[in-house]
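Please read them with the coordinates open.

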Amino acid sequence: MAWLSALAGVDAWTVAMILVAAGFYAGALLAAGAVLFRLAFPDLPDPERRAASRTGAIAAWAAIVLAVIEWPLQAGYLGGGNGAAAVDPMLLGMVFEGAQGTQLILAVSGLLLVQAILLDARRLPGLGHGLSLGGVLLVMLALVQVGHTVDEPRWLLGGLLVLHLLAAAFWIGSLWPLYRLAGHPAGGADAVRILDRFGRVAVFGVGLLVLAGVVLAALLLGGVTPLLTTGYGQFLIGKVLIVALLLLLAASNKWRLVPAFERGEPRAPQRLRRSIAMEIGLVGLVLLVTAILTTVSSPANG
């Protein structure tokens with residue numbers, strides 16, 4: 001199996017890089033998604049609005065810390081995977097002057113701007129939303145600076161990845177507010193209104209996520225054979241299977257559990273919360289596979 005061969009040479013340093021990358025993806029996408037969710041649902045109840053803002057801000061700070069940690073990890077990797085190389089000024093300079101440095105600057109700048117989500121929109125109308133949305137765009141640009149979409153046609157690959165990431169961020173950023181709303185009494189007017197509207201918005205978001213992902217995979221791999229025979233392709237299949245499970249849960253929420261919640265069935269809140277919690281776990285798994293995919297394999301080399 002090609003994916004096992006790709007993992008055969010993985011050492012402790014690479015494992016650390018994978019875990020930090022997965023954490024950075026989670027923090028950055030959660031922070032960006034919290035902003036997008038707030039913009040899409042300005043009429044959130046106050047407790048959920050404050051919770052979404054706090055979650056986005058905390059996730060942004062976590063992502064900043066992990067982005068900074070990635071810098072010496074990458075320098076250490078270039079130097080053979082050891083602590084001395086991680087603090088070598090020459091290697092640190094090489095990393096900072098390359099695409100990793102550009103990613104670090106864009107990511108930190110964007111995640112700092114995301115903190116504007118905490119500004120009171122009623123006292124500063126438009127300012128908090130404008131600054132935090134600018135932060136989201138910088139975070140998206142940061143995520144396309146390295147990885148497998150830097151090859152030609154770069155603008156097309158990068159554009160597709162940004163669309164894919166925006167849809168993924170919105171989904172990820174919605175999970176915690178929706179989990180909290182599902183804890184309201186079944187049939188509650190505020191929760192029903194938001195859950196119902198989210199179901200309609202999510203159809204468009206999921207369509208965009210899947211379409212951009214499929215086109216991107218087709219352009220990167222160039223056919224079905226690499227999908228089945230290379231480590232990159234097999235990791236991608238694993239990621240798609242997990243996403244398929246996520247889509248099944250999302251479909252169950254939309255067509256079974258949310259309608260049961262709206263009808264006021266007593267057990268509906270508990271069942272809906274359990275389903276959203278499973279979605280959160282699967283999203284974590286998707287991000288871990290993505291970090292493996294981008295760290296130990298590539299479309300060109302398998």
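1. Helix H3 is followed by Gly-80, whose phi is positive, near 105°. Helices here (H or I, at least four residues) and strands (E, at least two) are DSSP runs, numbered from the N terminus.

2. On provenance: this is a predicted model, in which local features need pLDDT of at least 70 and side-chain atom pairs count only at pLDDT 80 or more, while totals for chains, interfaces and linings use all residues. Residues are numbered from 1 along each chain as its sequence is written, and side-chain values use heavy atoms, with hydrogens and water left out.

3. H3 (residues 46–78) packs against H5 (residues 89–97) at an angle of about 115°, the axes being 9 Å apart. Axes are lines fitted to C-alpha atoms, for helices over the stretch in contact, and angles run from 0 to 180 degrees between N-to-C directions.

4. Which residues of H3 and H5 meet? Trp-71, Pro-72, Gln-74, Ala-75 and Leu-78 come from H3, and Leu-91, Leu-92, Val-95 and Phe-96 from H5, where contact means heavy atoms within 4.5 Å. By class, the residues of this contact are 8 nonpolar, 1 polar and no charged; Ala, Val, Leu, Ile, Met, Phe, Trp, Tyr, Cys and Pro count as nonpolar, Asp, Glu, Lys and Arg as charged, and the others, Gly among them, as polar.

5. Gln-74, in helix H3, is buried, with a relative accessible area of 17%. Buried means under 20% relative accessible area, exposed over 50%, and partly exposed in between (1.4 Å probe, protein chains only). Not counting residues up to four places away in sequence, Gln-74 touches Met-17, Val-95 and Gln-100.

6. Val-289 belongs to helix H12 (residues 268–296) and is also buried, at a relative accessible area of 14%. Leaving aside neighbours within four places in sequence, Val-289 is in contact with Phe-235, Lys-239 and Ile-242. The C-alpha atoms of Val-289 and Phe-235 are separated by 7.0 Å, although the two residues are 54 apart along the chain.

7. As for the whole protein, the secondary structure comes to 12 helices and 0 strands. The C-alpha trace spans about 60 × 45 × 35 Å along its principal axes. Of the 302 residues, 46% count as buried.
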